Amino acid sequence: MKNLFKLMLLTITMFIAGSSFALAGNDNDSIQILEKANQGDPVAQNHYAYLLYKASKKEEAKEWFEASARQGVAHSQRCLGIFYSKGIGCKRDYKSAIKWYGKAADRGDSFARKHFFTTGDMFGKSKIPETKFQIFLHGTNKTLTCKGNELTFEEGEQNDDNTWTVETARDKSTGHYSPILKSLSGKYITGKERDNGPAGLGTIEAAADIEVGFPFPYPEKEQGANMRDSDVYEPYQGTNLIHDSRYLGIENGKLYWGDEGFKLDFFIK
């Protein structure tokens, strides 16, 4: 009865939406997509979710994208990342957005990968295109924030104190350029070289040269939209902020450069 109701709903929606359902060749194609979706076919679930989204049924679309995403379809996982990051058909939730973008990126989805920042290819360059991003504590909605002259993690809307960009600092003795992180409020993340020590905020002269490891393995071959979890090397687990072979972590309640560090998400929104 539930499936029959959905078939009737789809037929009515197609009549109202008209060309919104252009993905399917005709009404029979759309009904076949729904039938396969109800049978658990993840690709059909992805197609049906798209039809619902085009018909402005965003909450239902989100549910079907999630059903497909849980079976490992990269496109559905990417779409869930978009839905959660923008609050489409659900409450905005960066923790969930990063989770699903991460899963899609693991499967080689280039769009999802663009939302995760890395400085791996930034060394040696005098100029870097400005990229604004937030640094989340992995698995949470807490973001790295300037609090006075200290660094802390706390939840909050995007603002100048918790939004970061990359600049470069030049070593006068070698002429080498290294990436440094600056908040939009004008504060740089600092560090002490070749020793464990506190991470803080300061001027460009005290800025720490940093590195962010790329968190995803490169796929050995082209990966299709219907990849399953079993095809993935390792699930996305966040990455580290590194300075002089030390990791950003915590000691005595304060942020610290040490041998162990937080798992972080460098997320371009």
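In this predicted model, five strands form an open sheet in the order β7-β12-β11-β10-β9, with antiparallel pairing. The edges are held by β7 (197-198) and β9 (211-212). Each of these edge strands has a single partner, so one side of each lacks a neighbour in the sheet. Strands of a sheet pair through backbone hydrogen bonds, either parallel or antiparallel. Within this sheet, strand β10 (residues 241-243) and strand β11 (residues 246-251) pair in the antiparallel sense over two bridges. Here I242 is placed opposite Y247 of β11.

A hairpin is formed by β2 and β3, with two residues between the strands. G148 sits in the turn and has a positive phi of about 65°. Strand β2 (residues 143-147) is largely enclosed by the rest of the structure, because four of its five residues are buried. It runs antiparallel to strand β3 (residues 150-154), and five bridges join the two. One of the paired positions is T145, whose bridge partner in β3 is T152.

Q77 belongs to helix α5 (residues 74-86). Its relative accessible area is 0%, so Q77 is buried, the cut-off being under 20%. Beyond its neighbours within four places in sequence, Q77 contacts A69, G72, W100, Y101, K103, A104 and R107. A polar atom of the Q77 side chain lies 3.1 Å from the backbone oxygen of A69. D109 is 32 residues from Q77 along the chain, yet their C-alpha atoms are separated by 9.4 Å.

Key
Residues numbered from 1 in each chain as written. Predicted model: local features only at pLDDT ≥ 70, side-chain atom pairs only at ≥ 80, totals over all residues. Heavy atoms only, no water. Buried < 20%, exposed > 50% of the residue type's maximum accessible area, 1.4 Å probe, protein only. Contact = heavy atoms within 4.5 Å. Polar contact = N/O pair within 3.5 Å; in protein donor to acceptor, adjacent residues only side chain to side chain. Pairing = 2+ DSSP bridges.
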